[in-house]
Structure formats: C-alpha cells, structure tokens
Amino acid sequence: AEIAAQLQEQYGEHLLVLGVHPMSALQNPAGGFPDFRTEDGDDWNDYFNISAYPTGTVNRMGAIGPAEWTAAVGELIGQNAPVRLIVKTAYDNSTREVRVSVHAKFLQDVESDDVRIIVCMMEDNIIGKQLTPDGVINEYTHRHVFRGTADGLAWGKLFTVAPVVTAGTNVVNNMKFTLDNEYEADEFYIMAMVTDHNTREVLMAAENKIK
C-alpha cells in the first residue's frame, strides 16, 4: 500500500490504483478485520495464478512483486495509449441509483478480435483494522478498495469480434445499478478499463467519483 501510494504521488493522474482481495485463505479476515474479498477478484487472482500477497499487475502484463512495481510503472509512463477513455457518472441520493456511461475512442488500430470494457466499483478511504510490520493499526485508512464489477462481468463486455479495431472507432457502454447501503457514496468511484482479452492487457483506464 505504501509503495502504491508513493507511485501515485509521483505520477498523479497518470496512474490509477485498484486494491483487489481474492477469496483465498490468506485474505480471510477474522477478529474484526474488514472483509474486502470479491468473487471477481478471485477470478483475476486465479487467472494470474497468484498465491503470495501482496502481488500486483501493471496494465495486467503479468503478476509481479512490490519490488518490481516502480520499474514496471516507469517503463509505461509516457507511452501513447491507443484509446481515449472517459467515465461519466450520475448519482441519485434518494434511491442510491448510480448511472454510468463509458466512452471509448480508439486513437490507433488495435489488432485484436476480443476487445472489452470492464467497469469496476472502487471505494476509497475506508477506516478499519490492518496488520502492518509494526503491529495492528485499528484505524488504518484502506485505499482504492475493489468492490466488484458493476455488471458482474469480471472480464468485461465484448464489443467487437473484428480482427482489428480501427482508429476512429467510438464505443459507448451505459449501465446503472443500486449502490449497496454498506458503501459510502462520498468515497465511491467507477473505474473503467479497455482490455485486449486475448492477452488481458489493459489498453487504457479511467475513473470518476459517483458524486
């Protein structure tokens, strides 16, 4: 968490962070620790065959340990993304309904017959217990907590089966859902990713608060 925070401070809006907790025994909370596990996170964990924590992926280009994150991020920062991505949100305080509109415009040709949009729910600044090298902190601030995908599709929604997505292609993905009462609307975000499902690589990501 500290390394991720340092990287985000260094690169600002050029780096998005998502903290994923799978349904593994090592992630099983007890004794008042918060439960951040998700089935979607479990699907991702199984695909990358992760068994040691913390482990991360940078643009989902393989699972690597924290000591490798800084170099991996540094190699990608400054590269031109093939997709421009915008996430628009609207929130109804009375019904807790969230409306999401994801707009993707391809700036370059992408050679893949399986390009998808994944829409993730993320809650930030959750106060709860955390075990650290210095012991248990009762009021630790958990950042960028993945709460699942908005539509229950861990690997996203397919929008093309053509062998190449050509530059200039525009894709819009709209959806709505009701925010669970356990989540804090003021700290809730939607993060969308455009991915090449053949390789699982993230081509572009963007996020926006729901209110």
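In helix α3 (residues 69–76), the buried residues (under 20% relative accessible area, with exposed meaning over 50% and partly exposed in between; 1.4 Å probe, protein chains only) include Trp 69, Ala 72 and Val 73. Viewed along the axis of α3, the buried residues lie within an arc of 95° (taken from the directions from the helix axis to the C-beta atoms) and therefore line one face of the helix. Among the elements that cover them, by contact (heavy atoms within 4.5 Å), are α1 (2–11), β1 (56–57) and β2 (63–64). Helices (H or I, at least four residues) and strands (E, at least two) are DSSP runs, numbered from the N terminus.

The model is predicted: local features require pLDDT of at least 70 and side-chain atom pairs count only at pLDDT 80 or more, whereas totals for chains, interfaces and linings use all residues. Residues are numbered from 1 along each chain as its sequence is written, and side-chain values use heavy atoms, with hydrogens and water left out.

In helix α2 (residues 39–47), Asp 40, Gly 41, Trp 44 and Asn 45 are buried. These residues span an arc of only 140° around the axis, which places them on the same side of α2. Exposed residues Glu 39 and Asp 46 are carried on the face turned away from that buried side. The cover over the buried residues of α2 includes β5, β8 (145–149) and β11. At the start of α2, a side-chain oxygen of Thr 38 comes to within 2.9 Å of the backbone nitrogen of Gly 41.

Six salt bridges (a side-chain nitrogen of Lys or Arg within 4 Å of a carboxyl oxygen of Asp or Glu) are present. One of them joins Arg 116 and Asp 114 at 2.8 Å, N to O, and both residues are buried. In another, the closest N and O atoms of Arg 143 and Asp 124 are 2.6 Å apart. This pair links distant parts of the chain, 19 residues apart: Arg 143 lies in the loop between β7 (135–142) and β8, and Asp 124 in the loop between β5 and β6 (126–132). Arg 143, at 41% relative accessibility, counts as partly exposed, whereas Asp 124, at 5%, counts as buried.

How values were computed: A polar contact is a pair of N or O atoms within 3.5 Å; within protein, one must be able to donate a hydrogen and the other to accept it, and residues adjacent in sequence count only if both atoms are side-chain atoms.
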